[in-house]
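Here is a short tour for anyone who likes to look at packing before setting up a calculation. Please have the viewer open as you read.

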Amino acid sequence: MELEKLVKVEIITSMAKIEALRLQLGKFGVSGMTVYEAKGCGVQLGTQEFESEKKKAPTLLDKQVVMMVLLEKDLNDFLSFVEKELYTGHIGDGKIFISPIMNVIRVRTGEEGEAALLEGEL
Amino acid sequence: MEEKKLGLGSTVATGVGLIVATSCLLSLGVGASTVGIPFIIAMFVCCMLNLITAFSVSELNAMMPNLTGGLAQYSLAGVGPFLTIIVMVGGYLVCNTICGSAECAMFGNTLSTVFAGAGIPSQVYCTVLLVVLILANLNGIDMFAKIQDFVAYALVASLLIMGLIGCFEWGNGQVVHQSTVISGNPKDIFSLCGLAFFLFLGCEYVVPISKQVKNARRNVPLGMVLSLLLVFLMQAVMVIGFSHYTPWEALAQSSTPHVLYGSLLLGKAGTIWMVLVSVLAVTSTVNTAIASLGLIMSGMAKIKLLPSVFMKTNKKGAPYVGILSIGGIMILINLTGLSTTDELSFLILTGCVFWMMAYIISHLNVLILRRRLPKAPRTFRVPLSPVLPMIGIVGTVWMLYNIDSNLDVKLRIYKLSIGIFLLLAVYGAIWIKKVMKRPLFKPFQIKEVMAMEHELYQKYHK
């Protein structure tokens, strides 16, 4: 049987938004996620939106990365949902990286693909 | 993080607040006495047109949420500073300060008529009301909302109950047997759209308080839509009530048709009730105008369209310079007697030209930003865009064309509007070139407008 196509979504956003996003993702029905703290900057090199001069050297700001794997067919709905949740119109709302995943294996049962992401009977 | 204090109830109360004014009750009587019940058709068309405006403003609010004042910022990002100054100063600050003053004058006249024996001049009543509302609004958004919730819902409930009593002929007055339709000619009905449009102006006054609204993504659009529908229902019921208790000729001649209706419906009790409704309508309109215009001025100062002094807030977070300025000018207009001159209604109509221009620009902003940022996430989207915003533009232009049924008055309004436009254009051009030092027509980037909201922005950009 052919496995459903999977994608990895990594959302980089500011610390302030992560808690609201976590709660909303639960409501959306996301079955698992990994969150890790990070430091980084985007095209503004860490310049705050209110500052008048753009920084010359990159300043690393506190960020969080939310990583999750989902079925490709659910991707568009998921992205639309996350974009609206993160949107404030301000610089620093975040970026979303999407990449293909070849396979997922649940170590305990050996289930693969979609089955490894869902709550199974095994 | 700033605590959000206002729920959906307060949002609807604010929307209803500015829409239902004493002058609207007068317009309702004029419209109903011209064509009878079919005036509801003109009201429905205008309600729908204002719903489209509410949709456009909601989409702009979704793209640029949590801004102080709000309305000026959308236009700054859409069409640039020049047109923003013209419509915001002409359509909101000047127009609504005059409208608020006229409302106060009606309040003073009503009370001085009711308490004729007391010998107190009407200006005293106006000034007392304005001072009370200024002091209340200086106590912050909480106090504004408490007053607004009480006043707006008491107003809506009163008019709905009085309307329903008339609809079902439950009043103790004499039921009038007359034709409910004076004219069913579409030309006659739709020529009243210009008048009916004024019954629904102002639902966007929800936006300036949106920063303090809980779950603003849902409550701001919903609040605007509900307030328009509520006002339509209430006024439609009143028109049917009029047809059962007030002879059309008497309604046409009355300067206070709602009071006439109240007295013919319930006698002395009805008169007193409708006088109270007048007081509630004025309080609701002026309270909303003072609170929202203060916030709009503060927002305009943040984007440098007004001097920075308007950004100052007191310990309760109230933009006190704007509140005192707007309230102070209203007191001045009332004390000098300007608010009772014959030319005032003409001036209000002229101000409304700029107000309607602001609506047209809101629809334009939606179309421009859809083109510029087609993929930006929007928690609210105008349905059927670009068709609905374009209908909104064409419809509002048509309302401008029908602003008055008298051709001479209409031409005078247009001439004065052009004069005021030129004055505002000179002021705007000088301000933008000398103070802002920016091109007149180049829109600001949304990220820049959003950044200007930050409290540290002014510190870094002196």
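## A helix pair in chain B

In this predicted model, helix H4 (residues 71-79) of chain B and helix H13 (residues 268-302) of chain B have axes that come within 8 Å and cross at roughly 35 degrees. On the H4(B) side the meeting residues are B:Leu71, B:Ala72 and B:Gln73, and H13(B) answers with B:Ile296, B:Gly299 and B:Met300. Sorted by type, the residues of this contact are four nonpolar, two polar and no charged.

Leaving aside residues up to four places away in sequence, B:Met300 touches B:Gly69, B:Ala72, B:Met88, B:Leu305, B:Leu306 and B:Phe310.

## Nonpolar cores

Which residues have the most contacts inside the largest nonpolar core? They are B:Cys46, B:Met88 and B:Met300, in a core of 162 residues. Helix H5 (residues 81-114) of chain B gives this core its largest share, 18 residues.

Another core lies apart from it and has seven residues, including A:Val9, A:Ile11, A:Val66 and A:Leu86. As general background, nonpolar side chains in soluble globular proteins tend to be buried together.

## Chain A on its own

Chain A is built from three helices and four strands, and its elements follow the order β-α-β-β-α-β-α from the N terminus on. Its C-alpha atoms fill a box of roughly 55 × 25 × 20 Å along the principal axes. Of its 122 residues, 14% count as buried. Among the contacts in chain A with a separation of 6 or more, 66% come from residues 24 or more positions apart.

Now find strand S2 (residues 34-40) of chain A. S2(A) pairs with strand S3 (residues 61-71) of chain A in the antiparallel sense, over seven bridges. To place that pairing in the viewer, look for A:Lys39, whose bridge partner in S3(A) is A:Asp62.

## Where the chains meet

How many residues does each chain bring to the contact? Chain B brings 14 residues and chain A brings eleven residues. On the side of chain B that touches chain A, helix H18 (446-451) and helix H19 (457-460) each supply at least two residues. H18(B) has the largest share of that side, with four residues.

By type, the side of chain B that touches chain A splits into ten nonpolar, three polar and one charged.

How values were computed. Residues are numbered from 1 along each chain as its sequence is written. Chains are lettered from A and ligands numbered from 1 in the order in which they are written. This is a predicted model: local features need pLDDT of at least 70, side-chain atom pairs count only at pLDDT 80 or more; totals for chains, interfaces and linings use all residues. Axes are lines fitted to C-alpha atoms, for helices over the stretch in contact, and angles run from 0 to 180 degrees between N-to-C directions. Two residues are in contact if their C-beta atoms, placed from the backbone, lie within 7 Å. Ala, Val, Leu, Ile, Met, Phe, Trp, Tyr, Cys and Pro count as nonpolar, Asp, Glu, Lys and Arg as charged, and the others, Gly among them, as polar. A residue is buried if 20 or more other C-beta atoms lie within 10 Å of its own, exposed if 12 or fewer, and partly exposed in between; C-beta atoms are placed from the backbone. Two strands pair if DSSP finds at least two bridges between them. A nonpolar core is a set of buried Ala, Val, Leu, Ile, Met, Phe, Trp, Tyr and Cys residues joined through C-beta atoms within 7 Å.
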